[in-house]
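Please read the following report alongside the sequence and the coordinates.

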Amino acid sequence: MNKLSASDLFSLEKYARERGAFRARVLEHKRARQLAVGPNMTWLFEDRLTVQYQVQEMLRVERIFEPEGIEEELSSYNPLIPDGTNWKVTLLIEFPDETERRRELSKLKGIEDRCWVQVSGHERVFAIADEDLERENDEKTSSVHFLRFELTQPMITSLRGGSALAVGIDHDHYPHAIEAVSAATRQALIADLS
């Protein structure tokens with residue numbers, strides 16, 4: 001999948017005019033790319049469009065219009081675009097109550113390394129997590145992690161041939177799985193693989 005460049009982005013003025021329609025398009029696009037894995041974790045499978053939306057929003061919020069600032073945002077977010085043999089996922093750990101969140105995040109250390117995907121008939125693939133920086137300390141894990149799942153060519157071929165896809169988390173304090181993701185999600189994720 002091609003990385004984004006400055007020429008792929010709306011100017012701040014154009015984005016202000018187009019934002020409503022673009023946002024609606026992205027939210028609809030995300031519907032098949034977002035999975036609730038258990039009651040407190042959401043996986044968002046990123047792609048070029050979801051990353052463009054994040055960059056556009058950052059440029060808008062921070063009022064960035066200078067070329068150097070735009071390039072800085074692109075270099076921060078482009079690594080979230082899949083490379084054709086992998087999926088990139090933003091893992092969101094969601095506990096609305098602050099006290100509960102603090103308590104649970106201390107129990108969930110290492111969870112980012114226990115996330116997996118599995119194409120039917122193949123071994124589980126565990127995430128390569130947080131390649132940009134460490135998101136855990138001695139007390140707790142972060143509520144946001146960035147995951148990469150590397151797939152083999154036989155896995156990709158099986159998916160294209162109709163094999164089921166399961167995802168899950170194999171952590172002592174949070175064991176949850178989706179045994180077969182929906183057909184819509186499966187199709188959206190196959191599109192990320194070249």
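## Helix α6 and its surroundings

In helix α6 (residues 183-190), the buried residues are T185, R186, A188, L189 and I190, where buried means under 20% relative accessible area, exposed over 50% and partly exposed in between, for a 1.4 Å probe and protein chains only. These buried residues pack against β1 (34-36), β2, β3 (86-93), α5 (153-160) and β8 (165-171), with contact taken as heavy atoms within 4.5 Å. Helices (H or I, at least four residues) and strands (E, at least two) are DSSP runs, numbered from the N terminus.

This is a predicted model, in which local features need pLDDT of at least 70 and side-chain atom pairs count only at pLDDT 80 or more, while totals for chains, interfaces and linings use all residues. Residues are numbered from 1 along each chain as its sequence is written, and side-chain values use heavy atoms, with hydrogens and water left out.

## The pairing of α2 and α3

Two packed helices are described by the angle between their axes and the distance between the axes. For helix α2 (residues 48-62) and helix α3 (residues 67-77), the axes come within 10 Å and cross at roughly 145 degrees; axes are lines fitted to C-alpha atoms, for helices over the stretch in contact, and angles run from 0 to 180 degrees between N-to-C directions.

On the α2 side, V51, Q54, V55, M58 and L59 meet I70, E73, L74 and Y77 of α3. By class, this contact has seven nonpolar, one polar and one charged residues, counting Ala, Val, Leu, Ile, Met, Phe, Trp, Tyr, Cys and Pro as nonpolar, Asp, Glu, Lys and Arg as charged, and the others, Gly among them, as polar.

## Aromatic pairs

The whole structure holds seven aromatic pairs, defined for rings of Phe, Tyr and Trp (its six-membered ring) with centres within 6.5 Å, and called stacked for planes under 30 degrees apart, edge-to-face over 60 and tilted for the rest. Y15 and F22 are edge-to-face, because their ring centres are 6.0 Å apart and their planes stand at 75 degrees. Y15 is buried, with a relative accessible area of 1%, and F22 is buried at 5%.

W43 and F149 form a stacked pair, 5.6 Å centre to centre with 20 degrees between the planes. This pair links distant parts of the chain, since W43 lies in strand β2 (residues 41-45) and F149 in strand β7 (residues 144-150), 106 residues apart.

## R19 in α1

R19 lies in helix α1 (residues 12-31) and is partly exposed, with a relative accessible area of 24%. Leaving aside neighbours within four places in sequence, R19 is in contact with E57 and R60.
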